[in-house]
Amino acid sequence: MNLADDPFTLFGLPPRMAFDRAALDERWRRLQGEVHPDRFAAEGAAAQRVAMQWAVRVNEAYAILKDPLRRAECLCGLRGVPVQAERHTDMPAGFLMQQMAWREALDDAATDGNAAAVQALADDVTAQERQTLAHVQSLLDDVGDVPAAAQQVRVLMFLQKFRRDIDRRLDALESP
Amino acid sequence: MALLQISEPGQSPDPHQRRWAVGIDLGTTHSLVAAVRSGVAECLPDESGEVLLPSVVRYLEEGRRQIGRAARDAQALDPENTLVSVKRLMGRRLADVAGAERLPYRFVDRPGMVAVATRDGEKTPVEVSAEILAALRQRAEDTLDDDLYGAVITVPAYFDDAQRQATKDAAQLAGLNVLRLISEPTAAAVAYGLDRGSEGLFAVYDLGGGTFDISLLRLSRGVFEVVATGGDAALGGDDIDEALARHVLQQLGRLADSPHDKRAVLVAARAAKEALSQADTVTLTATLGGEAVSLAVTRETLEALARPLIDRTLSAVRRVLRDARVTPAEVQGVVMVGGSTRMPRIRTAVGELFGREPLVDVDPDQVVAIGAALQAQALAGQGRDGELLLLDVIALSLGLETMGGLVERVIERNTTIPVAKAQEFTTFQDGQTAMAIHVVQGERDLVSDCRSLARFELRGIPPMVAGAARIRVTFQVDADGLLSVSAREQTSGVEAAVTVKPSYGLADDDIARMLRDGFSHAEDDLAARKLREARVEAERMVLATGSALRADGHLLSDVERSTVEALVASLRSIASGEDADAIEAATEALAEGTEAFAAARMNQGLRQALAGRRIDDV
C-alpha cells in the first residue's frame, strides 16, 4: 500500500464503473478514520505531516471514485486510453449544434432574469448527462470499447462544464 | 517504564495523568470555554457563576483593561475605547467594513488589517480577541487547577483564510496551543448529534451576532461529514440592530453623530429587538444628545426591517442545498444555533423552507463551545478511540489570478479537507528565473471581486528557454482550512523558494513585538515561557513515541528501534536542562527520526482498515 497506488487499489474496490455509493462512502469514512491528522494530534508534528499526505491522497481518491465522470476518466487511463481532453477537440457535429443552442437559451434566460427557465435548462442538461454516463458505463463495463468510452467522457466533460456555468448563473440570479 | 519527570514548584508530580484540552467559542457577542469533566461536556463559569463572557474589551488609563460584563456595561459611557463585536473586524481592512461610519470607533486604515485607536494606543482585532481568549484561558486554568494542554477554537464555517489566520494569531498571543480550528456549525452538530446518537442528514442554521453559517452534515456512527457549507461572514444579529437603529433615528428625525449617540442607539435597538421576541410591542428608550427619547416599536415593524436580512440567509440555505444536490425534504432535522435564532420570524421562515419545525431545544449560546470541548477531548487523546471524527470542507473556492484579472479556480468550495491540488505553470521569457502568483478566495469570476489572500513569489527557477520550464505549484489546505503553497520545477527538480506576502494580517514581526511588549495576561517573561513550552512539547513527543513503540514496535528492526530509543534518551536528558533552543532541536530530531516509523504505522493502519480487521467493525 503506498501513496502512488491508483484510487481503486487504494480503496480495495474493483476497477469498474458500476459501484455501490453507500459502500464507497463507508470505505472512505473508515480510511479517513485511520489516516486523518486529527487521529494523530497528540503524536507530534512528524506523524501529523505523514497523516496529512495520506488524508489528502484518500480525499483525492474518494473525489475521483465518487464522481462518475472522474471515475470514468481514471478507468480509461488505467486501461491504456487516457482521455486527454485538451488534445482531442473533435466532437460530434450534432453535439456542437446542441451546445450552441443551449448557450443561446441560457444567455437569453439569464438576461431576462428568468430563473425558472434557467432551472429548466439545467434539468435538460442533467438528463443528457445521465444518458451519456449510462452509455459510458456500458462501454467500459460491458462492451469493453475503451476508445469509444474516452470519446463519450470528453462529451460528458463538455456537458458538466456547461451545467456548472448554468449553476453559476442561477447563483447570480439568486443573490445579485 | 521510565517517565519524563518535569518537576516545578506547584505543579502536580504526575503531569501526564490528565491533559486538559478545552473548547472555546470566540463569538461576536459572547465567548465561552468548555471542557469535558467526568465524561460530561460543560461550559465553565466565572466566579459569579456565569458562563457567557461578553466579547467586549475596554481600554482604560495606565494600560489597564476591562474584559466582559464590566466593559460591556460601560460601552455607552466610553464608546471609543470599548470595543464590541471585534470578530467582525478580524482579517478585514477598513474598506471591507460595511457601515464603518455608523460605528463609534476611531478606525486606523492599515494595509494588512484595520485597527482602532484607543487611549492605550492602536489596537488590532487580533490583540483585542487575544484579551478575550486570555481571559477564558485564565478561567479554565483556575477552574481546572492545571495548565492547559491545548484548545479547539471555533470559527464560522464561512471564515476565509485571512479571518482564520487572524484567529490563530490571537490564540498564539494568548498563549494557547491551538489543536484545531473547527467550524461553528460542525461543533454544534457534534454537541447535538453525539448527545442523541442521530444518524442521517442534518442542517445547522447558525445566526450569531456578526456571522451567518448554514451547513449540511451527514452524521454516521461518530463521523461528522460536512457535505456542503455556505453563509455570509458579514451578516448577523448586529445588522438587525443597525436596521432598527436607522429606523428609530429616521422616525425621530434625529442624527447620531457623536460616538456616544451611535453606541446608545445601537444598545437600545438590541434591547428592543430582544424584548420583541416575547412581546408584540415595546418602547425603545435612549439618551441622544443628552436628551431622553423614546419610540414605540412593534414586532411587525422589526420583522419588516429584518426581512431583507432573513431573505439573504434563506438564499444561502437554498444555494447550499443546490451545492449538495439535496432537497429540503431529505434533511432530517434543522438545528438552530446562535442567539439571533431566538427571533420568532426566523424560526418560522426556516421551518417553512425545510417543511419541518426547527430543533431549538439545545441552548443556542452554549452548544458550539460544548461541541468544541468534545473535539478537544478527542484530539488530546482522552476520548474513546475511534468515536469522533470531523470531516470538514473548504467553504470558499481558491483560485489564481490569470490574464485580464480573471480567476481560475484551483480548489472548489465544499471540497473535503485536507486537500492538495497542483497546477503547472511555465515561463514566458527566455531565462526567466522568477514568477509571481496571486491567490484569491471567493466565488466570483473577477479577481477584484474576490478576497486577495497572498502573492507568492517563486525564485530560483533555472534559466531556460521561454515555455520550457514546468513549474508545479501545489496548493494545500490543511484541516484548519489554512492554505500553504510549495513549488517545484519539474525538469530540474529544483524546489523554488516561495515567499508569501500575505495581503492581510499581521507580519511575524508584529506578533513577535507584541509578545515582547508583554501581553497583559502573560505571567512570566518570554524566556521562561519558551522554556516551559519547549519542555511540555518534549514530554509530549517522548510519551507519544513511547506509546507508538509499545503498540507497533514490531514494525522496526532492532537497529531502527535502538536509534529511536537513543533519540528519546537524548531528548529526555536535554529537556531536564535549561536550554530551550536545544530542547526544541532535540524534539525536532526525534520527530524527524520517527518519520519513517510513523509512515510504516500509517501503512499498517490502512491495510488493516481495508482488510476490515478493526475490532469494532461489525
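B:Ala34 touches B:Val22, B:Gly23, B:Ala41, B:Glu42, B:Cys43, B:Leu44, B:Ala369, B:Ile370, B:Ala372 and B:Ala373, leaving out residues up to four places away in sequence; contact means C-beta atoms, placed from the backbone, within 7 Å. The model is predicted: local features need pLDDT of at least 70 and side-chain atom pairs pLDDT 80 or more, while totals for chains, interfaces and linings use all residues. Residues are numbered from 1 along each chain as its sequence is written, and chains are lettered from A in the order in which they are written.

**Nonpolar core**
- B:Ala34 is among the residues that touch the most other members of the largest nonpolar core, which has 220 residues; such a core is a set of buried Ala, Val, Leu, Ile, Met, Phe, Trp, Tyr and Cys residues joined through C-beta atoms within 7 Å.
- Helix α3 (44-66) of chain A gives the most to this core, with eleven residues (helices are DSSP runs of H or I, at least four residues; strands are runs of E, at least two).

**Helix α6 of chain A**
- α6(A), residues 115-143, reaches 41 Å between its first and last C-alpha, close to the expected 42 Å (1.5 Å times one less than its number of residues).
- Its buried residues include A:Val118, A:Leu121 and A:Thr132 (buried: 20 or more other C-beta atoms within 10 Å of the residue's own).
- The cover over the buried residues of α6(A) includes α4, α5 and α7 of chain A.

**Interface**
- 38 residues of chain B are in contact with 30 residues of chain A.
- α14(B) gives the most to the chain B side, with ten residues.

Terms used. Contact = placed C-beta atoms within 7 Å. Buried ≥ 20, exposed ≤ 12 C-beta atoms within 10 Å, placed from the backbone.
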